[in-house]
Amino acid sequence: MEQIPAPIWTLTAGIVVTLISFWVGQHHGLLPEQASEQAPLVDNFFNIMLTIGTALFLVVQGAILLFVIRYRRRPGDEGDGLPIEENLPLEVFWTAIPALIVIFLGIYSVDIFQRMGGLNPGDHTLHTMHTPEQAVAVVAEAPSKTTSDATALLAAAPTPEIGIGASPDVQGKAPDVVVDVTGMQYAWIFTYPDSGIVSGELHIPVGKDVQLNLSARDVIHSFWVPQFRLKQDAIPGVPTELRFKATKVGTYPVICAELCGGYHGAMRTQVIVHTPEDFEAWRTQNQVTATAPVISSLSDRHIEAIGVTPQLVAQVEAMTHHHSPDKL
């Protein structure tokens, strides 16, 4: 029986490795559901890296197994191996291929980062970072003003240069929803500057351009929503930004992904993605009445950390009474 030529075996092995690698790269099931506009971009990049990694694993491990079996020491063989000192074509091959892969992944990752808005943080027409006192001041004006008028009352902070900003399709446009996010040991506080709502959960409408202005009061925290494929550090004294669109209604976990202290593992909350109608209903219902309960539910240390004074609490309670549901 004629022996099959080595090139045929090599070609066959290459085809098998390629097919297996592509299948693994598309059917691994390692990622949670996609719930943001940015998620498919990240997942495609992950799938490509997993495909390449699977191919390299199969080639390397396959070569090891082949050489262990084919070139194993036979019984009675006491001789030395061939004194091969170098193989220039092989060395060029195994250096050039990884180099090309790294260059390709580097260029592709920069393109993904650009399409997500990572190279353009702060590239928009509206950026605000607000204190609780400013938020309450806006609430006091809100009944007689539109959302845009109320937003205009708020002082603008320096535009951040860190984070995920406007993607190319919304560059130069104001976001639909702006939320100031404060991280502290061990809680997330969400302030809606156009309405004065303060919440322990993030509520956003589906399909709308959302901008999060992140800050930290004590140590570095990291705001992470796995289903959005987005993660951004909240750094004391350095404003950062996260801008995105949610694409699926639902409730998703918000996790601190930066070790921030002894109770780091408990620093969790959730983001609730509403339909636009449900979001407007939630905002109307909570515009004033939600502020006082959230403030009162915080510990004294958290209240002090976010700058909420007793006078502010009294002001919020007075406004809550003035804008009761009967009067709204």
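Q: Two strands pair if DSSP finds at least two bridges between them; in E4, which residue is the bridge partner of Thr-191?
A: This is a predicted model, in which local features need pLDDT of at least 70 and side-chain atom pairs count only at pLDDT 80 or more, whereas totals for chains, interfaces and linings use all residues. Residues are numbered from 1 along each chain as its sequence is written, and side-chain values use heavy atoms, with hydrogens and water left out. Strand E3, residues 187-192, pairs with E4 in the antiparallel sense over three bridges. Within E4, the residue that partners Thr-191 is Val-198.

Q: Which residue of E11 is the bridge partner of Ile-204?
A: Strand E5 is joined by four bridges to strand E11, residues 268-274, and the two run parallel. Across this pairing, the partner of Ile-204 in E11 is Val-273.

Q: In the turn between E7 and E8, which residue has a positive phi?
A: Strand E7 (residues 221-225) is mostly covered, with four of its five residues buried. E7 pairs with strand E8 (residues 230-234) in the antiparallel sense over five bridges, and Val-225 stands opposite Leu-230 in E8. The two strands form a hairpin with four residues between them, and the turn residue with a positive phi, of about 60°, is Arg-229.

Q: What is the bridge partner of Phe-223 in E10?
A: Two bridges join E7 to strand E10, residues 250-256, and these strands run antiparallel. In E10, the residue that partners Phe-223 is Cys-256.

Q: Is Ser-21 buried or exposed?
A: Ser-21 lies in helix H1. Contact means heavy atoms within 4.5 Å, and, not counting residues up to four places away in sequence, Ser-21 touches Thr-51, Thr-54, Ala-55 and Leu-58. Because its relative accessibility is 2%, Ser-21 counts as buried.

Q: How many Å lie between Thr-284 and Ile-197, C-alpha to C-alpha?
A: Thr-284 has its place in helix H6, residues 276-286, and with a relative accessible area of 54% Thr-284 is exposed. Thr-284 and Ile-197 are 87 residues apart in sequence, and their C-alpha to C-alpha separation in space is 9.8 Å.

Q: Which helix gives the most to the lining of the largest pocket?
A: On a 1 Å grid over the protein atoms alone, a cavity is a set of points where a 1.4 Å probe fits but cannot get out, and a pocket is an open set with protein on both sides within 12 Å along at least five of seven lines; lining residues have an atom within 4 Å of a point. The largest pocket has a volume of about 1400 Å³, a volume being the space filled by probe spheres set on grid points joined across faces, edges and corners; of the 31 residues that line this pocket, the closest to its centre are Thr-10, Ala-13, Val-59, Ala-63 and Leu-66. Helices H1 (6-27), H2 (39-70) and H3 (88-116) each supply at least two residues of the lining. The helix that gives the most, with eleven residues, is H2.

Q: Which strand supplies the largest share of the lining of the largest cavity?
A: The whole structure holds two cavities of 30 Å³ or more, and about 50 Å³ of space lies in the largest cavity. Its lining includes Glu-37, Met-116, Asp-209 and Phe-244. The largest share, three residues within 240-245, comes from strand E9.

Methods
Two strands pair if DSSP finds at least two bridges between them. Buried means under 20% relative accessible area, exposed over 50%, partly exposed in between (1.4 Å probe, protein chains only).
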